[in-house]
Amino acid sequence: MKKSLKTALIILGVVVLLGVTGFIIWGLTPLGPESEALAAMESNANVTVQDTGNFVVFTPASQTPVTGFIVYPGGHVDYRSYAPVAQEIASHGYRVAIVRMPLSLAVFGVNKADDVIAAYPDMRYWVIGGHSLGGSMAASYAREHTNKVQGMAFWASYPQTSDDLSSTYLKGLSTYGSNDQILDRETFNTTLALLPPGTIMQVIEGGNHAQFGNYGLQPGDGTATISAADQQTQAADLTVRLLRAVEGE
């Protein structure tokens, strides 16, 4: 091997190694959680919180839930950032589990919902959903596991073109903030035909992309004109509406 070629291969190897190392470091330093999210990770009189390491589960303290909601976090967002909205949903009588994703990217953990479902075999209904990239990956799981989940929730998200849910019996929800500048509206509109029939559609006026969680400002996002608490309350109410539809109410 010529010296110049050997040197070039060594340089290429170093560049690849640095790239992989940089990606891993990036994945291990996600956005959030903010103080509000950390506070919501604590149990209170209404909801008990348990972090298993693989997922954090919120359970209503005063009743035994029969329906659960599995949340896939947005890309490069710490899973704990969604604790406030999970607390709100759980307070209505539902078990909520936020999945911790490898390198904070749901694309590396599409089937992580299996761990949650296996941990609670007595649950009657499951709904899966997620924020942004998390919603897209949750849709991939839902398409392949209609025997395990009965509903799908998109928070500022949409299915991949390969994940057509329009012929399933799933109940659906799709919501986003009116000031969201991250969501690709063109793709969002193109994929509407892939949603389950009768999907609940609702725009949260004044909301943006990042305020579905508590992880701070997101570069490129629009400015919200409502508080994160307000946006999350509305998102929780819509999700509860979906959960009730799954239960037949």
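**A walk through the predicted fold**

The accessible surface of the protein chain comes to about 11,600 Å², and 54% of this belongs to carbon and sulfur atoms; such areas come from the Shrake-Rupley method with a 1.4 Å probe, and for residues only the protein chains shown count as cover. This is a predicted model, in which local features need pLDDT of at least 70 and side-chain atom pairs count only at pLDDT 80 or more, while totals for chains, interfaces and linings use all residues. Residues are numbered from 1 along each chain as its sequence is written, and side-chain values use heavy atoms, with hydrogens and water left out.

Of the 249 residues of the chain, 49% count as buried, where buried means under 20% relative accessible area, exposed over 50%, and partly exposed in between (1.4 Å probe, protein chains only). The chain has 7 helices and 8 strands; these are DSSP runs numbered from the N terminus, helices being H or I of at least four residues and strands E of at least two. Among contacts between residues at least 6 apart in sequence, 70% join residues at least 24 apart, a contact being heavy atoms within 4.5 Å.

The strands build an open sheet of 8 in the order β1-β2-β4-β3-β5-β6-β7-β8, with mixed pairing; two strands pair if DSSP finds at least two bridges between them. At the edges are β1 (47–51) and β8 (200–204), each of which pairs on one side only. On average, neighbouring strands of the sheet are turned by 15° against each other, direction ignored. Strand β7 (residues 171–177) runs parallel to β8 and is joined to it by 5 bridges. In β8, Gln 202 is the bridge partner of Thr 175.

Helix α5 (residues 133–144) lies across β3 (67–72), β5 (125–131) and β6 (151–155), and runs at about 145° to β5; axes are lines fitted to C-alpha atoms, for helices over the stretch in contact, and angles run from 0 to 180 degrees between N-to-C directions. Helix α7 (residues 228–246) has 19 residues, which at 1.5 Å a residue should span 27 Å, and its end C-alpha atoms are 27 Å apart, in agreement. The expected span is 1.5 Å times one less than the number of residues. Buried residues of α7 include Ala 228, Leu 238 and Val 246, and their cover includes β3, α3 (83–90), β5, β6, β7 and β8.

Back in α5, Ser 140 is buried, with a relative accessible area of 12%. Not counting residues up to four places away in sequence, Ser 140 touches Val 110, Gln 160 and Asp 163.

Asp 163 also takes part in a salt bridge with Arg 143, the closest N and O atoms being 2.5 Å apart. Arg 143 lies in α5 and Asp 163 in the loop between β6 and β7, so the pair ties together parts that are 20 residues apart in sequence. A salt bridge here is a side-chain nitrogen of Lys or Arg within 4 Å of a carboxyl oxygen of Asp or Glu. Arg 143 forms another with Glu 144, at 2.9 Å between the closest N and O atoms. Asp 163 counts as buried at 1% relative accessibility, whereas Glu 144 is partly exposed at 47%. The structure holds 4 salt bridges.
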